[in-house]
Amino acid sequence: MILNAEVKPKKFLGQHFLTNKNIAIRIAEIAKKGNHQNMLEIGPGMGVLTEHLIDSSIHLKAIEIDTESVAFLKRKFTNLEVIEGDFLKIDILALFDDDEFAVVGNFPYNISSQIVFKILENRNLIPYMAGMFQKEVAERIGAKPGSKDYGILSVLTQLFYDVEYHFTVEPGNFNPPPKVRSGVISLKRLESQLCSDAEYEQVKYLVKTAFNQRRKTLRNALKSLNIPAELLKDSIFDRRAEQLSPSEFVELSKAVALAH
């Protein structure tokens, strides 16, 4: 085990520093599977994962919001570019001069879903991600239709990425130990994406509207969209949001747009 004596984890930043070197090695191996030259680590903390990502064949950068961690990382990794800032606010295009890059990290639980949404917004630049999330969130991202975990995050992510759940991490592997278990997943961008850039905003709105009342049939959940009565006769509207696959949401969005 590695002791994190130099930087104090800050609760308001949702910091839980990974302390198990073997888990860090496993995450680094998953991150490198993508075979991408450019890589961005989000929230490296004290660099337990970072040291296993550093590789002569990888152009690695790290972004960290905590000033104390930034100073520590710059001392520990003298050749690493450490950006002090917030991934959710940074100009993604400027990171690698418009080149694609993979994302990796032990993500703070309090912003992990927002990190995924930011990746989705920049999917044309981010072909791969390997990350650790709260287990519940990790399972939600990869959930399949018909399951209780299946929701907005599942559908929107799976429009563009193949999701793989790799392994579960127990609370005792962190400082301080979180109250929940963690899960490591990867996202690999689909070669044939289910939704075009032009269609995405409309599909996203439809998905969010449908899941806002997930227990209702689509006929009732989508009332605010003023769908023509003729189209509402289709049997798809007898189903609930959680029963539709990502590709069915795209087809439904096209049908609604055409009917209008």
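Modeller: Two strands pair if DSSP finds at least two bridges between them. This model is predicted, and in it E3 and strand E4 (residues 81-84) meet that condition, because 4 bridges join them. The sense of the pairing is parallel.

Colleague: What makes E2 and E3 a pair?

Modeller: Strand E2 (residues 38-42) and E3 have 5 bridges, and at least two are required, so they count as paired. This pairing is also in the parallel sense. Ala-62 of E3 stands opposite Glu-41, and in E4 the bridge partner of Ala-62 is Val-82.

Colleague: Why is strand E3 described as largely enclosed?

Modeller: A residue is buried when its relative accessible area is under 20%. In E3 (residues 59-64), 5 of the 6 residues are buried, so the strand is largely enclosed by the rest of the structure.

Colleague: Which sheet do these strands belong to, and what makes E4 an edge strand?

Modeller: The sheet is open and has 7 strands, in the order E4-E3-E2-E5-E6-E9-E7. Its pairing is mixed. E4 pairs on one side only, as does strand E7 (161-169), and these are the edge strands. Neighbouring strands of the sheet are turned against each other by 20° on average, direction ignored.

Colleague: Where is the antiparallel part of the pairing?

Modeller: E6 and E9 pair in the antiparallel sense over 7 bridges, with Gln-134 opposite Ser-182 in E9. E7 and E9 also run antiparallel, joined by 8 bridges; Tyr-161 has Arg-189 of E9 as its bridge partner. As for burial, 7 of the 8 residues of E9 are buried, so E9 too is largely enclosed by the rest of the structure.

Colleague: Which helices lie against the sheet?

Modeller: Helix H1 (residues 21-32) lies across E2, strand E5 (102-106), strand E6 (128-134), E7 and strand E9 (182-189). H1 runs at about 170° to E7. Helix H5 (residues 112-121) packs on the sheet and touches E2, E5, E6 and E7. The direction of H5 makes about 165° with that of E6.

Colleague: Now the helices H8 and H11. Why is one called roughly perpendicular to the other?

Modeller: The axes of helix H8 (residues 197-212) and helix H11 (residues 246-259) cross at roughly 105° and come within 9 Å. Angles of 65 to 115 degrees count as roughly perpendicular, so H8 is roughly perpendicular to H11. On the H8 side, the contact includes Leu-206, Val-207 and Phe-211; on the H11 side, it includes Phe-249, Leu-252 and Lys-254. The residues of this contact divide into 9 nonpolar, 2 polar and 2 charged.

Colleague: Which residues have the most contacts inside the largest nonpolar core?

Modeller: They are Phe-101, Phe-133, Ile-141, Leu-222, Phe-249 and Leu-252, in a core of 54 residues. H8 gives the largest share of this core, 6 residues. Leaving aside neighbours within four places in sequence, Phe-249 is in contact with Leu-206, Val-207, Ala-210 and Phe-211, among others including Val-155. Another core, of 28 residues, lies apart from the largest one; Met-39, Leu-49, Ile-58 and Leu-60 are among its residues.

Colleague: Where is the cis peptide bond?

Modeller: The cis bond runs from Asn-175 to Pro-176, with omega near -5°. Pro-176 is found in the loop between strand E8 (174-175) and E9.

Notes. Residues numbered from 1 in each chain as written. Predicted model: local features only at pLDDT ≥ 70, side-chain atom pairs only at ≥ 80, totals over all residues. Heavy atoms only, no water. Axes fitted to C-alpha atoms, helices over the stretch in contact; angles between N-to-C directions. Parallel < 35°, antiparallel > 145°, perpendicular 65-115°, else oblique. Contact = heavy atoms within 4.5 Å. Nonpolar A, V, L, I, M, F, W, Y, C, P; charged D, E, K, R; others polar. Core = buried A, V, L, I, M, F, W, Y, C linked by side-chain atoms within 4.5 Å. Buried < 20%, exposed > 50% of the residue type's maximum accessible area, 1.4 Å probe, protein only.
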